[in-house]
Amino acid sequence: MVEAMDLVSQSIRIPDEVDHIDVMGTSDQFLRLLEKGFPATRLSVSGRSVQLQGPADEVPLVAGVVEEMIAAAVEGAPLDGNTIAEAVQILRSPERPKPLLTAGGKYVRAKTPGQQRYLDDLESHQITFGIGPAGTGKTYLAMAKAVEALLSGAVRRLILTRPAVEAGENLGYLPGSLTDKIDPYLRPLYDALQDLLEEGALRRLMEAGAIEVAPLAYMRGRTLNDAFIILDEAQNTTTAQMKMLLTRLGHGSKLAVTGDVTQVDLGRGQRSGLTHAEEVLKNVEGLAFCYLTSADVVRTRIVADIVDAYEDWELGRDSN
């Protein structure tokens with residue numbers, strides 16, 4: 001039995017713009033699922049606040065789930081009983097990993113069971129393929145894991161790369177130097193790093209050579225030792241480019257390959273290096289393929305609905 005002095009309390013307010021049912025479920029069913037998973041913690045609703053009381057080592061875990069439920073409701077992301085139950089299972093697991101702490105003082109953790117499997121694969125495999133639609137966090141979580149590895153000394157440098165596929169615009173007609181022309185293709189990687197690092201840290205680390213952001217073509221002929229490498233937008237690599245990068249991997253290095261096989265921008269007749277790798281490498285040990293779906297989309301509900309609509313359309317076309 002938990003003694004009174006071991007108990008702590010916490011109150012979490014539901015924003016005015018959010019419908020109570022979107023957070024708690026019909027008849028507060030989501031809260032009941034949390035109570036079932038954490039029987040030592042009591043949850044109740046008072047007005048627009050959720051009240052928690054329980055053991056000091058348990059209340060923060062439950063509060064974290066409630067805060068994620070509220071954040072999902074604010075963003076319009078769908079919630080259901082299975083998602084809540086799986087979140088409870090993750091938190092109750094004795095092997096539950098700690099959140100990733102970045103240099104910016106931000107805690108980054110999985111928001112769905114699929115994202116948790118992805119983080120587990122990044123931790124336990126030398127090469128991890130994260131494949132899924134936009135908004136599933138495949139690049140951001142890999143970036144957070146890479147930053148953690150760099151700050152902990154597990155690797156000496158981060159190498160972030162993506163193919164500069166021209167997607168309707170010819171680089172030769174764009175103004176500026178080669179760097180100016182390539183920069184738009186790499187901007188999403190810079191943006192994620194800026195979010196994960198303290199202000200000014202990205203520039204210092206890049207000047208010191210600890211972080212490199214470059215087009216995939218710059219990787220040719222190199223051996224990448226003691227590095228955490230992220231290949232983003234991998235669906236736009238050719239089969240030769242994918243093989244080139246995979247064979248650059250050196251001692252003490254990890255590689256995360258992220259991509260969406262439904263968003264290939266290669267020219268007609270060119271096969272995606274990502275889909276080819278799925279076929280060729282499926283039985284290679286030390287390598288993981290982690291598939292994220294619309295259930296792992298953490299942007300807004302409409303993004304998940306759009307992903308599902310396109311998947312249904314593709315299935316219907318393939319069946320005709």
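In this predicted model, Asp-296 touches Thr-112, Gly-114, Gln-115, Gly-135 and Thr-136, residues up to four places away in sequence not being counted, where contact means heavy atoms within 4.5 Å. Residues are numbered from 1 along each chain as its sequence is written, and side-chain values use heavy atoms, with hydrogens and water left out. Because the model is predicted, local features need pLDDT of at least 70 and side-chain atom pairs count only at pLDDT 80 or more, whereas totals for chains, interfaces and linings use all residues.

Asp-296 is placed in the loop between β11 (287–291) and α11 (301–319); helices (H or I, at least four residues) and strands (E, at least two) are DSSP runs, numbered from the N terminus. Asp-296 is buried yet has no salt bridge, and the nearest side chain of opposite charge, Arg-117, is 5.3 Å away. Here buried means under 20% relative accessible area, exposed over 50%, and partly exposed in between (1.4 Å probe, protein chains only). Lys and Arg count as positive and Asp and Glu as negative, while His and the chain ends are not counted, and a salt bridge is a side-chain nitrogen of Lys or Arg within 4 Å of a carboxyl oxygen of Asp or Glu.

By this rule, twelve salt bridges are counted. One of them joins Lys-145 to Glu-123, with the closest N and O atoms 2.6 Å apart; this pair links distant parts of the chain, since Lys-145 lies in helix α6 (residues 138–152) and Glu-123 in helix α5 (residues 113–124), 22 residues apart. Lys-145 is buried, its relative accessible area being 10%. In another salt bridge, the closest N and O atoms of Glu-212 and Arg-222 are 2.8 Å apart. Glu-212 lies in strand β8 (residues 211–215) and Arg-222 in the loop between β8 and β9 (227–231), so the pair ties together parts that are ten residues apart in sequence.

A search of the whole structure finds two aromatic pairs, a pair being rings of Phe, Tyr and Trp (its six-membered ring) whose centres lie within 6.5 Å, with planes under 30 degrees apart counted as stacked, over 60 as edge-to-face and the rest as tilted. Phe-129 and Phe-289 are stacked, at 4.5 Å centre to centre and 20° between the planes. Phe-129 belongs to strand β6 (residues 127–131) and Phe-289 to strand β11, so the pair ties together parts that are 160 residues apart in sequence. Both Phe-129 and Phe-289 are buried. Phe-289 also forms a stacked pair with Tyr-291, at 6.5 Å centre to centre and 15° between the planes, and Tyr-291 is partly exposed at 42% relative accessibility.
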